[in-house]
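Subject: Structure for you to look at

Dear colleague,

Here is the structure I said I would pass on. My notes on it follow below.

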Amino acid sequence: MRDIAIIGGGLVGLCAGLVLQHPGRRVSIVEAGNLEQSRSDGLNARSIALSASSVQIFRALGIWAKIETQAAPIRHIHVSSRGRWGVTRLQAEDYQLDALGYVIESHVLGQCLLDAVDGSDNIKLEQNAGFESITQDAAVTISYRKNKRKQKLQARLALIADGANSTARTALGIGHQSFEYGQAVVISNVEVSQPKVDTAYERFTPQGPLAMLPLGGKRYACVWTLAPEQAGTACAQDDAEFSAALQACFGFRLGLIERVGKRFSIPIQRTRADALHCGRCLLIGNAANALHPVAGQSFNLSLRDIACLHELLCEHDLGDFDDELSQVAQDYEMLRAEEQRRVIGYGDGLVTLFSNELPLFDHLRAAGLSLLDLVPALKTQAAFAGMGMTFGGNRLLRGHL
Ligand SMILES: Cc1cc2nc3c(=O)[nH]c(=O)nc-3n(C[C@H](O)[C@H](O)[C@H](O)COP(=O)(O)OP(=O)(O)OC[C@H]3O[C@@H](n4cnc5c(N)ncnc54)[C@H](O)[C@@H]3O)c2cc1C
């Protein structure tokens, strides 16, 4: 029997395995896909912004040095509202930090995690293994299908990390609430003529926010929130038409948009599970909370969920694990509820304030950004929320496993 089984080997499932294998736990990850194949490069890659809290967790795992060489730092963030006078700037040096966060191509981060998992004797990763059913009594039994053969896995604790449309969550009878924002996000990497070193841009427009995240050199990752029909149009446009539309919306702060990569459109919805645990099973990642990408928070939040779970498991001797498991599960749900609610509220607040065409919101937007720039305490709060530095005391954030 394994100590921990993880259903889903996405970024969150792999991170959970790497963290929770300590100290000496035997972990199995069951992943439906073939992780080695899910890669793309250069202008067509998708990216993720890592907060300072995530960087600290990777440092504790001993994998940050490798990730850092392939990530682009964000040392300045420029936030503006299209056609309005409010602007706010966040600078890493104001918070005595080397960087406010980092941007990395998702497949590069995935490969770093995969390499670390491969290098661990404690973690067994089953790929092309689709979850089928789950039962629990004195242990959790997970059935999955690999190469057309049905297989079983037993563990003391199971983590459900199979994404926003989690079938394992459904199999456990845990419901979820979905909220449609009536928006879609268009993702594309671009090259610009005048890149600004280590600077990310968040620009709020009546249609929704537009983020330009530095990938190093001339490359930026564009994450553009639009109405679904506009997103469809953007994806159907040829490169020149899309460049022109993006340029008109973003302006010339980075000079000319010289090249654009393939466009992807993803409908935006927020999904939140009705509960984070059921018996020996705990929900993490998008299976627990899939948020609007405007604030770049879902993955970072999930890492902090994992850090919290690690802390709780470390407080309990493995020998006593079974007796105390229900307490661990309840504590996990209780301890994470507040930050999860806050991060969801922060993302929703940004979307409402900055994606609304009513005139009153125009004034609030401008006033909000100017106020943020003028009142250091407010700005600090926003910066720290974005960096995920709002929970102290966690051993992973202090650099320990
Ligand atoms: C446009 C966009 C930009 C984003 N930017 C950021 C950002 O900057 N910062 C940030 O923190 N977050 C960001 N996010 C969110 C982030 O990408 C997600 O939070 C994160 O990838 C979720 O990972 P996950 O492992 O929970 O889920 P998933 O990535 O969905 O992985 C689930 C895994 O489970 C596997 N699986 C599914 N079903 C089964 C099954 N039946 N059996 C076995 N395995 C199964 C899948 O193959 C997959 O590998 C962004 C999201 C979007 C859409």
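Helix α2 (residues 52–61) and helix α8 (residues 298–314) have axes that come within 9 Å of each other and cross at roughly 45°. This makes α2 oblique to α8, since angles under 35 degrees count as roughly parallel, over 145 as roughly antiparallel, 65 to 115 as roughly perpendicular and the rest as oblique. Axes here are lines fitted to C-alpha atoms, for helices over the stretch in contact, with angles from 0 to 180 degrees between N-to-C directions. Helices (H or I, at least four residues) and strands (E, at least two) are DSSP runs, numbered from the N terminus.

This is a predicted model, in which local features need pLDDT of at least 70 and side-chain atom pairs count only at pLDDT 80 or more, while totals for chains, interfaces and linings use all residues. Residues are numbered from 1 along each chain as its sequence is written, and side-chain values use heavy atoms, with hydrogens and water left out.

Back to the helix pair. On the α2 side, Ser 53, Ser 54, Ile 57 and Phe 58 meet Phe 299, Asn 300, Leu 303, Arg 304 and Ala 307 of α8; contact means heavy atoms within 4.5 Å. By class, that contact has five nonpolar, three polar and one charged residues. In this scheme Ala, Val, Leu, Ile, Met, Phe, Trp, Tyr, Cys and Pro are nonpolar, Asp, Glu, Lys and Arg are charged, and the others, Gly among them, are polar.

Of the 10 residues in α2, eight are buried, where buried means under 20% relative accessible area, exposed over 50% and partly exposed in between (1.4 Å probe, protein chains only). Among them are Ser 53, Ser 54, Ile 57 and Phe 58. After α2 comes Gly 62, with a positive phi near 80°.

Next, the aromatic residues. A search of the whole structure finds four aromatic pairs; rings of Phe, Tyr and Trp (its six-membered ring) pair if their centres lie within 6.5 Å, and planes under 30 degrees apart are stacked, over 60 edge-to-face and the rest tilted. One of the pairs is Trp 64 with Tyr 102, edge-to-face because the ring planes are at 75°, with centres 4.8 Å apart. Trp 64 belongs to helix α3 (residues 64–68) and Tyr 102 to strand β7 (residues 101–105), so the pair ties together parts 38 residues apart in sequence. Both Trp 64 and Tyr 102 are buried. Phe 179 and Tyr 181 are also edge-to-face, with ring centres 5.0 Å apart and planes at 85°. Phe 179 is partly exposed at a relative accessible area of 40%, whereas Tyr 181, at 15%, counts as buried.

Two loop residues are worth a look. Gly 163 sits in the loop between β11 (149–160) and α5 (167–171). Leaving out residues up to four places away in sequence, Gly 163 touches Arg 169, Asn 286 and Ala 287. Ala 288 is in the loop between β19 (281–283) and β20 (289–290) and, at 1% relative accessibility, is buried. Beyond its neighbours within four places, Ala 288 contacts Thr 271, Arg 272, Ala 273, Leu 276 and Leu 283.

For the chain as a whole, there are 11 helices and 20 strands, and buried residues make up 55% of the 401 residues.

Regards
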